[in-house]
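Here's a quick tour of a few local details. Have the sequence and the fold open side by side as you read.

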Amino acid sequence: MSKKLIKVMDTSFRDGFQSVFGARVLLEDFLPALKSAVDAGIKHFEVAGGARFQAPIFFCNENAFETMDKIRETVGSDVKLQSLARGVNVVGLNSQPRDVIDLHAKMFKKHGVDVVRNFDALNDVNNLIDSANSIKKHGLQHEVTITMMELPFGCEGAHDVAFYERVLRNILDSGLPFDSLAFKDASGTSNPRKVYATVKMAREILGADAHIRFHSHETAGTGLAAYLAALDGGADGIDLSMKPVSGGTAQPDIISMWHALKGTEYDLGLDIKKIMETEEIFKECMKDYTISPISLAVNPILIQAPLPGGATATTVDQLKDMGMADKFPKVIANMKEVVERAGFGTSVTPVSQFYAQQSFLNAVTEKPWDQANPG
């Protein structure tokens, strides 16, 4: 039987780091694992943008652009490197003027990035147009993104297939340039049947030649099932990670996905023995980093409180720093009302941080909503 080759992007060195370590990882500590992953045959990595732009500057005393240069030097010229941007926010947390949006694309191209996955937490296409034009202007590939999640119990009116179809048609009607389409579920809460129907809808609209990717997390325990559903719906590519930054709040593991695809019509096209060897090297590289058990745990309650992997790790770290780790369950319990009152913006950066911060304030003040999170 001829199998469909699924294109894998390894997210270990960006989303994996963000989801498990809050992206606070020193470059020299992980370069041996990255080199091993290239030698194992992986040709596409997410390595920049998002927290992997902020964390080197804020926490690691590293120049984010210099780290990007060293990563490109390590992987060589034939490997595809991808970054994450947030529309008008690009790699910041606030909206940026057009000259900064353009400078972002220029600088990321200069420092070795090939593809920018570009999303907006509100799925507002107007927030993607300027960044899309700049990304293409400077010779990068633009992966336009629709952000997904599951609504808390008892809520409706957004985040169903019809909602995502409206977003896709808005993208097409806007005329913004893109090379591929990604569906990004940062909280890992979208139920697999909805994932299947959403990807199938997009395939029918875009046609057979469009490149469609699906991104999720294992946070709620349904990541692998959602990936299988996306492939059956017509996805061409998926995002996977490696131990010690796979599973739980991070992406499903490459080896787990390979195992799940046995007996199917899909093939990852990887030498799994070499991937296993790379995971052991990666574990050794990260042995001095502390991993919170929460970051690697499946937490089904997040279906009711869609908190992304990166926000989960950061929230846990902040609570520990304040001596309030015992408040985490209450923060999660408060998420439903916060998401509902906020109008169901997708729980991705920076909206997920707003959700988490307001849920925290509601958990520690005597009366919920007495204090509002500023901005």
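Which residue takes a positive phi just after α6? That's G139, with a phi of about 85 degrees. (Helices, H or I of at least four residues, and strands, E of at least two, are DSSP runs numbered from the N terminus.)

Before going further, the ground rules. This is a predicted model, so local features need pLDDT of at least 70 and side-chain atom pairs count only at pLDDT 80 or more, while totals for chains, interfaces and linings use all residues. Residues are numbered from 1 along each chain as its sequence is written, and side-chain values use heavy atoms, leaving out hydrogens and water.

Back to helix α6, which spans residues 129-137. Its buried residues (buried is under 20% relative accessible area with a 1.4 Å probe, protein chains only) are S131, A132, S134 and I135. They sit on the same side of α6 because they cover an arc of only 170 degrees around the axis, taking the directions from the helix axis to the C-beta atoms. An α-helix has 3.6 residues a turn, so residues three or four places apart point the same way. The buried residues of α6 pack against α5 (98-110), β5 (115-118) and β6 (141-147).

The loop between α5 and β5 holds H111. Leaving aside residues up to four places away in sequence, H111 touches F65, M68 and D69, where contact means heavy atoms within 4.5 Å.

How about disulfides? The count is zero, with a disulfide taken as a pair of cysteine sulfur atoms within 2.5 Å. The sulfur of C60 has its closest cysteine sulfur in C285, and that one is 15 Å away, too far for a bond.

| Residue | Relative accessibility | Class |
|---|---|---|
| C60 | 12% | buried |
| C285 | 17% | buried |
| H111 | 12% | buried |

Searching the whole structure turns up two cavities of 30 Å³ or more. A cavity here is a set of points on a 1 Å grid over the protein atoms alone where a 1.4 Å probe fits but cannot get out, and lining residues have an atom within 4 Å of a point. The second largest cavity has a volume of about 30 Å³, the volume being the space filled by probe spheres set on the points, which are joined across faces, edges and corners. Its lining is made up of T219, T249, I294, A297, N299, L302, T312 and F328. Those lining residues split into four nonpolar, four polar and no charged.

Notes. 1 Å grid on protein atoms, 1.4 Å probe; cavity = no way out; pocket = protein on both sides within 12 Å on 5 of 7 lines; lining within 4 Å. Nonpolar A, V, L, I, M, F, W, Y, C, P; charged D, E, K, R; others polar. Buried < 20%, exposed > 50% of the residue type's maximum accessible area, 1.4 Å probe, protein only.
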